Amino acid sequence: MDFQNRAGGKTGGGGVASWSDANVDRRERLRQLALETIDLQKDPYFMKNHLGGYECKLCLTLHNNEGSYLAHTQGKKHQSNLARRAAKEATDQPYMPLPQQLKVEPKKFVKIGRPGYKVTKERDPSTGQQALLFQIDYPEIAEGVTPRHRFMSAYEQKVQPPDKRWQYILFAAEPYETIAFKIPSREVDKAEDKFWTLWNKDTKQVRELMKFCKSALQM
């Protein structure tokens, strides 16, 4: 807008704009902003009436052209009505329960009894360490299952009265029952060549060797 020749203005400078001029300028800036951000074809509140004018179905206002409507959408009244409508729809919307998550059931196997096994006592000729070699056969092991083992303290099990002199090693593989061996409660040497497990998929046999650390009495 040209404010140069208004009363109170200086030559070469902007004049003092009246309230109506400033309002026109503001609405023009809002219209330009709306043109860049709003697609009238997707505006649910934009409607062309039978007189050739335009209406805002949300605010029930009349507009002579699209620019006037676009400027209106950026105004306080339209924005307030949008917020009020959104709050009402959120309140009226029925409660939608969250979709129930699918529960993954663990695989269940029918136990077929205990596996065959053999335990051999050994002694390492180079170090004198006592060792145990476990050989357990799982000819009917379930597809995709690998035998596993873990140690259990005497106080963790509930079958026998706890005795701190002993611990247990358990072997498990579906669909066989879990078996446990009672072994001395001594520290196991976890070095790579002194404690190892080998599962042979062809023979369906697991072999596990464990060597005990030498105690002060053995050294």
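Let's start with helix H2, residues 66–73. H2 is mostly covered, with 6 of its 8 residues buried. Keep in mind that this is a predicted model. Which residues of H2 are buried? They are Gly67, Tyr69, Leu70, Ala71, His72 and Thr73.

Asn65 caps the N-terminal end of H2. One of its side-chain oxygens sits 2.7 Å from the backbone nitrogen of Ser68.

Three strands make an open sheet, ordered S1-S2-S3, with antiparallel pairing. Strand S1, 46–48, and strand S3, 61–63, are the edges, and each pairs on one side only. On average, neighbouring strands here are turned by 30 degrees against each other, ignoring direction. How many bridges link S1 to strand S2, residues 54–56? There are 3, in the antiparallel sense. Met47 stands opposite Glu55 in S2.

On to strand S7, residues 166–172. S7 is mostly covered too: 6 of its 7 residues are buried. S7 has two partners to look at. Take strand S6, residues 148–153: S6 and S7 run antiparallel, joined by 6 bridges. Within that pairing, Met152 has Tyr168 of S7 as its bridge partner.

Then strand S8, residues 179–184. S7 and S8 are joined by 6 bridges and run antiparallel. Trp166 stands opposite Pro184 in S8. What connects S7 to S8? A hairpin does, through 6 residues.

One reminder as you look at these strands. In a regular strand, side chains alternate between the two faces of the sheet.

Note on methods
Residues are numbered from 1 along each chain as its sequence is written. This is a predicted model: local features need pLDDT of at least 70, side-chain atom pairs count only at pLDDT 80 or more; totals for chains, interfaces and linings use all residues. Side-chain values use heavy atoms; hydrogens and water are left out. Buried means under 20% relative accessible area, exposed over 50%, partly exposed in between (1.4 Å probe, protein chains only). Helices (H or I, at least four residues) and strands (E, at least two) are DSSP runs, numbered from the N terminus. A polar contact is a pair of N or O atoms within 3.5 Å; within protein, one must be able to donate a hydrogen and the other to accept it, and residues adjacent in sequence count only if both atoms are side-chain atoms. Two strands pair if DSSP finds at least two bridges between them. Axes are lines fitted to C-alpha atoms, for helices over the stretch in contact, and angles run from 0 to 180 degrees between N-to-C directions.
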